[in-house]
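Welcome, and please take a moment to look over the model below. We will walk through it together, one part at a time.

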Amino acid sequence: MPSSHPHPTGLLVTCPVDLCCPEAGFTAAEKLRVKGHTVTVPAQGCCGRTMLERGDRQGAAILARGMINAFAGCASIAVPHRACAAMVRDHYPALLSVDPVWADRARHMAARCHDLADLLAPHAEPCPDRPGLQVTRTRDRTLRHLDQHLRSVEAQLTESGGRVHWASDGPDAVSLIRQLCLDHGIGPAMLDHSPLLIEIGLEEALARDGMTGSGMMSVPLIGISGALFLVAETGSAVILPSDGKAHLLLARCQIVVAAIDQIAATLSDAGQILQVLPQGSDGPSRVLFATGPRATDEADGPDHFHLVLLDNGRTDLLDASMAALPGLAQRAGWIWRTLSRFPVLYRRATSMLCRLQRRGGSFQARWRDAGHG
Amino acid sequence: MDSRKQILTRVCTAVAGMGPVADSRPLVSMAGGLTNLGLIEQFGKRAIAAGASVERVADTARVPHAVADHLKALGMPATVRVAGSPWLRAIPWDRRPRLTLSFGVARTGDQVGVSAALAGVAETGTLVIPSGSDQAAGLLLLPPLQIVILPLHHIVGTLDDAWHGMAIRQQARGLGMPSRVCLATGAGDGQLHVILVGEPDAALP
């Protein structure tokens with residue numbers, strides 16, 4: 001199969017996936033790999049769609065040039081977000097049409113750019129397009145009240161009978177979970193393959209203590225999962241059941257690890273976020289909203305439910321990116337118009353913006369941490 | 001300082017320095033404005049595109065035949081685990097005596113799970129199945145073949161409509177958010193077969 005795709009396929013991560021749903025990036029890369037693609041993730045920033053929608057064509061053109069450079073070596077480009085794919089395909093050639101150097105390169109990139117769903121299943125009917133910018137704005141709005149949302153998750157989940165734990169870093173989270181396993185444990189725990197659990201090195205830590213049993217096929221006593229994100233209004237953890245490991249979600253004691261900055265304010269916002277996951281026949285087929293232990297009248301579900309809220313450096317990023325990004329966004333038009341008169345400064349500014357994004361880009365950072373370069 | 005206080009303090013500091021957020025426009029639903037028949041048609045198309053199989057029967061009396069015939073076509077044993085909902089129990093399963101049924105929650109080794117969906121979302125072909133006294137989320141996760149019965153009048157346009165319907169149902173029962181809500185779109189690890197039950201009422205908006 002790999003021989004059918006000898007040239008690398010570049011994954012254009014998109015801001016919603018990079019910043020909001022990193023797990024979707026890993027899923028997209030894995031689906032492409034299974035289809036025989038050699039996947040590469042060039043260091044990248046924003047495609048420029050948000051700037052264009054603000055009417056800043058020059059700023060968008062700068063980011064477009066950066067993306068064209070980044071993906072120059074890719075035979076095809078997969079985009080897990082339809083609106084960003086449309087930006088590259090429909091707007092890049094128009095944005096750079098008057099630039100004799102870049103016009104051809106923009107058209108060439110547009111011709112190689114595909115919706116992820118189309119690339120994975122060319123026969124599948126495309127899902128309806130949605131205003132993709134909504135997710136970015138929804139996330140912006142949510143982060144501005146992050147403290148309230150975290151308190152809401154805690155209050156709602158506690159009311160539902162669950163317990164919330166706070167972990168400053170990976171070792172803190174591992175220590176908490178180890179203690180929970182000891183408190184509840186008769187028999188080994190079972191873990192899913194979530195990036196969050198990999199991030200804190202949980203499997204290795206529990207395996208050293210002989211506390212895991214990831215090979216078992218029956219329902220374990222303790223199931224540990226990473227949440228895709230949380231829902232503040234209900235205190236729910238949104239989980240994508242791992243391939244072949246769905247039964248760990250039926251454990252008598254369920255432990256869920258969630259990042260503090262992956263949060264939706266409402267169920268409606270959660271629906272928006274799910275919309276930006278890869279769609280069609282290769283999208284997530286099951287999504288579980290888990291909200292505490294089972295109620296007395298419920299037929300199944302865990303007897304105990306623990307949520308571990310993980311910081312692990314996220315408040316540092318939050319502090320840096322939040323202080324800088326809104327100001328940049330508000331002044332973007334003026335900044336780009338001024339800088340456009342000075343080509344060297346222009347390039348440096350673009351580079352700085354992309355670096356800022358890469359710093360906050362959960363998917364790209366984790367992709368590189370996983371040794372993909 | 002404990003971890004909770006430390007994290008919340010740092011989050012508060014970060015959000016305090018933020019500017020206003022851009023206005024957010026409401027989402028425009030592709031399912032908006034569809035008639036009842038249009039919603040049913042769109043649900044079927046989306047579910048099939050996502051990898052599920054879909055069939056329609058006129059009433060619940062036809063459900064046992066649909067289940068048994070589907071298992072026969074797949075060459076699977078006619079043994080199914082059915083969620084313990086009163087609505088599912090009321091189906092005249094004895095019309096296909098060779099179908100072996102047990103009601104209750106999913107168990108390891110179950111090959112076929114039968115459950116009923118609270119809602120079908122036309123926009124995405126997604127089934128919404130909450131846990132409850134009469135429903136078990138495990139039936140959507142464990143068995144390799146999942147059969148979901150969906151009354152036609154439970155098909156709604158968007159996921160928001162489904163959340164709204166669920167909230168009303170829970171309030172009427174004096175309950176909060178169910179401990180589990182499973183959204184199922186397409187086949188997943190195994191296979192998903194959706195049986196749509198009822199005759200569409202074209203007069204409905």
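Let us begin with a pair of strands: strand 1 of chain A and strand 3 (residues 76–79) of chain A pair in the parallel sense over three bridges. Helices (H or I, at least four residues) and strands (E, at least two) are DSSP runs, numbered from the N terminus, and two strands pair if DSSP finds at least two bridges between them. Within this pairing, A:G10 stands opposite A:I77 in strand 3 of chain A. Strand 1 (residues 8–11) of chain A also runs parallel to strand 2 (residues 38–40) of chain A, joined by three bridges. There, A:T9 has A:V39 of strand 2 of chain A as its bridge partner.

A word on what you are looking at: this is a predicted model, in which local features need pLDDT of at least 70 and side-chain atom pairs count only at pLDDT 80 or more, while totals for chains, interfaces and linings use all residues. Residues are numbered from 1 along each chain as its sequence is written, and chains are lettered from A and ligands numbered from 1 in the order in which they are written.

Now step back to the two chains. Chain A has 16 helices and 13 strands, and chain B has five helices and ten strands. Of the 373 residues in chain A, 54% are buried; in chain B, buried residues make up 43% of 205. Here a residue is buried if 20 or more other C-beta atoms lie within 10 Å of its own, exposed if 12 or fewer, and partly exposed in between, with C-beta atoms placed from the backbone. Two residues are in contact if their C-beta atoms, placed in that way, lie within 7 Å. Among contacts in chain A between residues at least 6 apart in sequence, 79% join residues at least 24 apart.

Which strands make up the sheet that includes both chains? Eight strands form an open sheet of mixed pairing, in the order 11(A)-8(A)-9(A)-12(A)-9(B)-6(B)-5(B)-8(B). Its edge strands, each pairing on one side only, are strand 11 (263–264) of chain A and strand 8 (155–156) of chain B. Strands of a sheet pair through backbone hydrogen bonds, either parallel or antiparallel.

Strand 8 (residues 229–231) of chain A and strand 9 (residues 236–239) of chain A are antiparallel, with three bridges. A:L230 is the bridge partner of A:A237 in strand 9 of chain A, and A:F229 is that of A:V238. In the hairpin of these strands, with four residues between them, A:G235 takes a positive phi near 75°. Strand 9 of chain A also pairs in the antiparallel sense with strand 12 (residues 286–290) of chain A, over three bridges, and A:I239 stands opposite A:L288 there. Both faces of strand 9 of chain A are covered, with A:S236 and A:V238 buried on one side and A:A237 and A:I239 buried on the other.

Leaving aside neighbours within four places in sequence, A:A258 is in contact with residues including A:A227, A:L230 and A:A237.

A:L150 is buried because 22 other C-beta atoms lie within 10 Å. Not counting residues up to four places away in sequence, A:L150 touches A:I260, A:L309, B:L8 and B:V11.

Finally, turn to helix 13 of chain A. Eight of its nine residues are buried, so helix 13 of chain A is largely enclosed by the rest of the structure. A:L267, A:S268 and A:G271 in this helix meet B:L159, B:D160 and B:W163 in helix 5 of chain B.
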